[in-house]
Amino acid sequence: MPKGDREIFKADCEDGFTRIANLLLEALALARFNGVQKGICLFLFRRTYGWNRTEDAIALGEFAEACGSSREYISRQLAVLIKKNIVWRVAYQPGKTPVYSFVTSIADWDQHYIDLKALALNFVPGYL
């Protein structure tokens, strides 16, 4: 029986949750992204890790709807995230939906977007 109540937007983990590495969440919190870039990352978390997958085929229109933005702006922001080695476009063929994943090695992200020293100070493995 669902515990949350969708009519009043009350969430409960018993209704489903996304299992994600704490280090990725810490990195996202510290990352110097704009709001749409964070929205893209959160939506990608949901579409991948939320379904126990590491990658998923996602159309620009799906990103745009989820992030409340235009397809054109999403396309530009995704291109930035890909160029900065934060999101990986696993597969692309004209006429087909691209497949996206995360670069989970935060040390490989463009250092302009993440302060690894701050991340090391903030991240406490096993903290309860």
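Biologist: What share of the contacts in the protein with a separation of 6 or more comes from residues 24 or more positions apart?

Modeller: That share is 55%. Keep in mind that this is a predicted model.

Biologist: Noted. How many helices and strands are there?

Modeller: The protein has five helices and three strands. Starting at the N terminus, the order is α-α-β-α-α-β-β-α.

Biologist: And how much of the protein is buried?

Modeller: Of the 128 residues, 30% are buried.

Biologist: Let's go to H1. Which of its residues are buried?

Modeller: H1 covers residues 22-30, and its buried residues are Leu 24, Ala 27 and Leu 28. They span an arc of only 100° around the axis, so they sit on the same side of H1.

Biologist: What about the other side of H1?

Modeller: Asn 22 and Ala 29 are there, and both are exposed.

Biologist: What do the buried residues of H1 pack against?

Modeller: Two helices: H2, residues 35-48, and H5, residues 116-122.

Biologist: Next, H3 and H4. At what angle do they pack?

Modeller: About 100°, with the axes 9 Å apart. H3 is residues 60-67 and H4 is residues 71-83. An angle from 65 to 115 degrees counts as roughly perpendicular, so H3 is roughly perpendicular to H4.

Biologist: Which residues make the contact?

Modeller: From H3, Leu 60, Gly 61, Phe 63, Ala 64 and Cys 67. From H4, Arg 71, Ile 74, Ser 75 and Leu 78.

Biologist: How do the residues of that contact divide into nonpolar, polar and charged?

Modeller: Six are nonpolar, two are polar and one is charged.

Biologist: Switching to rings. How many aromatic pairs does the structure hold?

Modeller: Seven. One of them is Phe 45 with Tyr 49.

Biologist: How are the rings of Phe 45 and Tyr 49 arranged?

Modeller: That pair is tilted. The centres are 6.1 Å apart, and the planes make an angle of 40°.

Biologist: Are Phe 45 and Tyr 49 buried or exposed?

Modeller: Both are buried.

Biologist: Which residues do ring pairs link into a cluster?

Modeller: Phe 33, Trp 109 and Tyr 113.

Biologist: Another aromatic, then. Where is Trp 88?

Modeller: Trp 88 is in strand E2. Its relative accessible area is 47%, so Trp 88 is partly exposed.

Biologist: What does Trp 88 touch, leaving out residues up to four places away in sequence?

Modeller: Val 99, Tyr 100, Ser 101 and Val 103.

Biologist: What separates the C-alpha atoms of Trp 88 and Glu 55?

Modeller: 9.2 Å. Along the chain, Trp 88 and Glu 55 are 33 residues apart.

Biologist: Now backbone angles. What is phi at Asn 52?

Modeller: About 55°. That is a positive phi, although Asn 52 is not a glycine.

Biologist: Where does Asn 52 sit?

Modeller: In the loop between H2 and strand E1, which is residues 55-57. Asn 52 has 69% relative accessibility, so it counts as exposed.

Biologist: And what is phi of Asn 85?

Modeller: Near 65°, a positive value again in a residue other than glycine.

Biologist: Where is Asn 85 found?

Modeller: Asn 85 is in the loop between H4 and strand E2, residues 87-91.

Biologist: Why does Asn 85 count as partly exposed?

Modeller: Because its relative accessibility is 31%. Partly exposed lies between buried, under 20%, and exposed, over 50%.

Note on methods: Residues are numbered from 1 along each chain as its sequence is written. This is a predicted model: local features need pLDDT of at least 70, side-chain atom pairs count only at pLDDT 80 or more; totals for chains, interfaces and linings use all residues. Side-chain values use heavy atoms; hydrogens and water are left out. Axes are lines fitted to C-alpha atoms, for helices over the stretch in contact, and angles run from 0 to 180 degrees between N-to-C directions. Helices (H or I, at least four residues) and strands (E, at least two) are DSSP runs, numbered from the N terminus. Angles under 35 degrees count as roughly parallel, over 145 as roughly antiparallel, 65 to 115 as roughly perpendicular and the rest as oblique. Contact means heavy atoms within 4.5 Å. Ala, Val, Leu, Ile, Met, Phe, Trp, Tyr, Cys and Pro count as nonpolar, Asp, Glu, Lys and Arg as charged, and the others, Gly among them, as polar. Buried means under 20% relative accessible area, exposed over 50%, partly exposed in between (1.4 Å probe, protein chains only). The arc is that of the directions from the helix axis to the C-beta atoms. Rings of Phe, Tyr and Trp (its six-membered ring) pair if their centres lie within 6.5 Å; planes under 30 degrees apart count as stacked, over 60 as edge-to-face and the rest as tilted.
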